[in-house]
Each structure stands twice: as C-alpha cells, then as structure tokens.
Amino acid sequence: MVNLTINGLPVQAPESATILEAAALVNIHIPTICFLKDINEIGACRVCVVEIEGVDKLASACNNRVREGMVVLTNSPRVRQTRRTNVELILSEHDCFCATCVRSGNCALQKVANDLGILELPYERRPAPTKWDHSFPLFRDAAKCIKCMRCIQVCDKIQGLNIWDLVGTGSRTTVDVSFSRKITDADCALCGQCITHCPVGALRERDDTQRMFQAIANPKKITVIQIAPAVRAAWGEALGLPREKATVKRLVAALRKIGFDYVFDTTFSADLTIMEEGHEFLERLAGRNDHPWPMFTSCCPGWVRFIKSQYPDMTENLSTAKSPQQMFGAVAKTYYAQLLGANPADIFSVSIMPCVAKKSEAELPTMNDAEAAQDVDLVLTTREIVRMIRAEKIDVKSLEEEEFDSPLGVGTGAGVIFGATGGVMEAALRSAYYLVTKKNPEADAFRDVRGMDGWKEATFDIAGIPVRVAVVSGLANTRRLMEHVRSGKSSYDFVEVMACPGGCVGGGGQPIWDGEELASTRADVLYGLDKVDNLRFSHENPSVLKAYESFFGKPLGHKCHELLHTDHHA
Ligand code: HC0
Ligand code: SF4
C-alpha cells in the first residue's frame, strides 16, 4: 500500500492503483471519456488530467500510478482550465448535432461538456465528412468520431479482428476501417462490441424502426414478432424499469400497444433448435455421418461470420441447424401461417435481438426457405425496440403483464438460458442425456459450463459415453480455441461459441452503459428464470412436440431439413 493525498484527503491505495482508482477510493470522481478498464488505458482524451505537486506537466489519472507521498489535485484552477480546453478541442472535431444523435442522453462527451458548463464552442468546428455504405447493418459516422481508440482496442484485444485502425497523419489522423478496406470487405463479424464500447454516437446499428412502423401501419401485413432470450434481461434498463418490473410479459404488453399482431418467444424455437441440433449431435456421435469433429454450434451469426472468414476450412464442423431466430421465421411463415389460415406472403416476421449480426443473418440468401421470401423480414435490436417504445410514449411502468400468444409463445427454461454463454450447451446436454437414456438428468447437472470465463471445458458422462465439451465467448478467445483445435492441442466433441463476451446478454445490440459490463448481471436474470420454470427441458416443450406431430414429422426429417437447417457454405 502507498499513502498519498488527493485534494487534501489522505488516501491509502495499492501500489498498482492508478490515480483514477485511488481517487475513487475516497469518492473523488475524475471525469474520463476514452478510458476503458483493462482495454483502453492510454490517456488519449486528456480529460482526466490532474496536477501532481512537484511535476511540471499535468498527468492523465487513468494511466499514471500512485506513488508514496504523492500530492494530487484533481480540480485546481490549472486542471479546470486545461480539462475545459481539452473538451472544447474534442468538441471542435465532433459533429455536435445532439438532437439527431442516437446517443443523446447517453454520451460520455455530452455529459462531460455539460458538467463542465461548456455552453459555447470557441474553436472553429471541423467535423470530418462521412461516407458509408448505408445498407450495412453497422454504421460509422466519421464526423462524430473523437479518436478515443476504444473501438480499435475492443476489436483488437477482445475480438481479435482488427477491423478498425488509425489512418491519416497529423491533423488528418482519424479512425477508419483498417488496410483501406471497405467495411463490407473487412471480415467484420458484426458483433457490435465497437458500438457498445463507443463513448459517443460514432458507431451504431442501422436503424430499421421506421420500416417497422410502416409494416405495422400496412393493413395487409400480419406482424409476427419474436423476443430473443437475452432481450428480457435488458430491455427495461434503458426505460428506467427496475429489474423485477422489467419482465418479458410487460414487454409483450408494450409490443401489443405498439400494434404488433402476434407476440411470440424465440425460446420456442430455441427448444426446437435443441431438438434438431441434439439429434444431429447424436447422429454424428454414432458415426452416422461423416462430419469432422468437434461439432460447433451455429446459432450466433457473429461466430458464423467469423468462422467463414477466418477458418473457412472448418465451416464443415458447424451444426447445420439454423439459429432459433431463423427457425422461428421459417415456422412463422409455414406452420403458423397454416394455423392462421393466412397467406405466408402476408406475414411480416420480425425479431427483437440483442444483436447486430442478426440483421445480416436474416438477409442471407440461404435464409429464405419459407414459401414467402425471407424467413425473418426485419430485425430490431433491443435498443431499437426501446426507441420505438419511447416514440410511442408508452408508459411501461403502468402496463399490466400480458401473456405471449399461442402456440409459439411457449418456451422452456432451457430456451431462456440460450442468452448466456454456456446456455446453449447446457440446454443441449439436458436433452441429449434424455435422448440417449430416455430419462431426464437433474436439470442443473451440467451447470459447470455456466459463468463468465471466456473459455470453459468439461467432460460429462452420458450413459457411459464421455462427452468432451467446450464453451467459448469473445472472438479473441475463440481464435485461441480454434488454434488449439486445429493443432490437436485440444480435442472436443461439442463446442458452443458466442461472439460477444458473456454471450448474447452482452450483445452488441443491448442497451449501453458506458464503461460498465452487464453481461454477468443479465445472465443471472436468465438463470433465475430457468430455475423457477416448470419446464426446464427442451424436449418437454408441448408446443414444439405438437409442431413435430402435426407439421414437421420427426427431428431431422425431410421437412426439418428443408426448413430448419441450412448450408453454411452458400
Ligand atoms: Fe441470442 Fe439465440 S441466444 S443467438 O444470443 O441460439 O441474438 O438472446 O436470440 O437465434 O434463442 C441473440 C439471444 C438469440 C438465436 C436464441 C440462439
Ligand atoms: Fe449476436 Fe449473441 Fe452472437 Fe453477440 S453472441 S453476435 S449478440 S448472437
């Protein structure tokens, strides 16, 4: 421990602490913009400058460590003036049209500028012009970029993809797609982690809310919406709802108020996915087809984009099962259209996802096996549905909970935990065990694959067969695992991969809490829901069983192959 003084207060801090961390110990908060713990500690924005007695230059608090006897001032007149000038200079390079910015009210730069009482912009403003392919699901607005480097660092350190880089020199230095590539050619996985770690509005998803309102207003369209597992753990955050009030049933009520015709649950098709993928795994295990090992899950489109661009030779290892989102879309336009007696072409199938990559998954040419164009017509992120709720001025606090529609609104706890890293694996193992032994395991028997570790391994005994599994999240972790698998250093039977750290709960389409990682808290919500669910096994979902009985036939049967599986090569 070292002893120092900050603003006259004595502080004891660990030797490894930065000035920023030491100040927080005594509730002295130093403003930051570019700082991201363990990811971006470079002092680029120079908003956290402090004065250290005996040192000429002001120092950035985020990346300077404490020393014995240090005397620090965080708000001296010199610090105040320099911090203000630094923020004014950042603003001079930033498009400050806050009224039309998606991050207004949730922007680190806006907050610091407001807090410092900057009411005029003294420097000539030079926002960079912007050019972007507006059909791509991820948008970058160069005029809003403040060159904090967070996107570069997150993509590099957490996702191992290096999509972003610094380009240009001198005053023209800016951030852009690396190696002068277009974003569409850059192997971007579309995980959206750069968006959720951008402190301002320079990165965002393509906004599809206005297309959605148009479809709702079209009397010819029957809007059928599905809610992804992880959305239920996060949608209320940005609307000021306490977690216990932000139930999925209250979201169902809000969606009906907006005007969606039928509100369903992706957990239904998560259970359907387990039936298909579980049978597929057992077929591969029995050597009844010639796929290479291990089998990889295929439900995360960020991961599927990653393997296709980085390890194309291993694409064969992916399960052929479509993701729950896509299975749901196919079911909506076939089985459900039949139940409704509707023309599939009149069904407008929509999903709310915690994910940006899901927008591109829905647009894949291979995802249109249903009779009426794409399986899923439009994908909204959690943030977009929050914006729609706001636009409609729906007072979510006063809404009574409402039930999902039937029959595609029935899902199990196994489907709910899909939204957290390890959840797909756990759900699959619960059902694989049953399919092999004809007995249910203890529902929590496979809990060893839970938790936020980026790479987890376990071996489970299923009727005398040792099944070696791995669960990985975050693409840099995934790359490490892939190299181990490829070189033979690690050997598994079944591997779950989610592109976003912590799984979909930490997805790139979720509400943004600058500098905070909420994946773990949200995962706890999902595991809590599973724990109290009456149904915890996908193979016991009555709606799924009925769908097989009356429409799909057997798992892996002809109709299933046609509608619920895909060719990842195409
Ligand atoms: Fe996920 Fe999914 S769990 S990928 O994170 O498998 O987006 O929540 O909807 O499709 O179910 C996302 C979340 C889903 C799908 C499911 C899977
Ligand atoms: Fe999307 Fe989930 Fe994959 Fe992230 S982990 S890219 S949110 S599907």
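Predicted model: local features only at pLDDT ≥ 70, side-chain atom pairs only at ≥ 80, totals over all residues.

Reader: Where is Ala373 placed?

Author: Ala373 lies in the loop between H12 and strand E14 (378-381).

Reader: Is Ala373 buried or exposed, or in between, and why?

Author: Ala373 counts as partly exposed because it has 13 C-beta neighbours inside 10 Å. A residue is buried if 20 or more other C-beta atoms lie within 10 Å of its own, exposed if 12 or fewer, and partly exposed in between, with C-beta atoms placed from the backbone.

Reader: And Phe296, buried or exposed?

Author: Phe296 counts as buried, because 27 C-beta neighbours fall inside 10 Å. Phe296 belongs to strand E12 (residues 295-296).

Reader: Which residues is Phe296 in contact with, leaving aside its neighbours within four places in sequence?

Author: With those neighbours left aside, the contacts of Phe296 are Asn317, Leu318, Ser319, Val495 and Val497. Two residues are in contact if their C-beta atoms, placed from the backbone, lie within 7 Å.

Reader: Let us move to the ligands. Which residues are closest to ligand 2?

Author: Ligand 2 is surrounded by 16 residues, and the closest are Cys300, Gly302, Cys355, Cys500 and Gly507. A residue is near a molecule if its C-beta atom, placed from the backbone, lies within 6 Å of it.

Reader: Which helix gives the most to the shell around ligand 2?

Author: H9 gives the most, with 3 residues. Helix H9 (301-310) and helix H12 (357-363) each supply at least two residues of that shell.

Reader: How much of H9 is covered?

Author: H9 is mostly covered, with 7 of its 10 residues buried. Among the buried residues are Gly302, Trp303 and Phe306. The buried residues of H9 pack against H12, helix H16 (475-487) and strand E17 (494-498).

Reader: What surrounds ligand 1?

Author: The shell around ligand 1 has 20 residues, the closest being Ala228, Ala230, Cys299, Pro324 and Cys504. Helix H8 (266-285) and helix H10 (324-333) each supply at least two residues of this shell.

Reader: How do the residues of the two shells divide?

Author: Around ligand 2 there are 11 nonpolar, 4 polar and 1 charged; around ligand 1 there are 13 nonpolar, 6 polar and 1 charged. Ala, Val, Leu, Ile, Met, Phe, Trp, Tyr, Cys and Pro count as nonpolar, Asp, Glu, Lys and Arg as charged, and the others, Gly among them, as polar.

Reader: Which domains does the assignment give?

Author: The assignment gives domain 1 (2-91) and domain 2 (210-564), and their C-alpha centres lie 44 Å apart. The bounds come from an automatic or database domain assignment.

Reader: Finally, what is the mean pLDDT of the protein chain?

Author: The mean pLDDT is 96, and 99% of the residues reach 70 or more; pLDDT is the predictor's confidence in each residue, from 0 to 100. For the complex, the predictor gives an ipTM of 0.94 and a pTM of 0.96.

Technical notes
Residues numbered from 1 in each chain as written. Chains lettered and ligands numbered in written order. Helix = DSSP H or I, 4+ residues; strand = E, 2+ residues; numbered from the N terminus.
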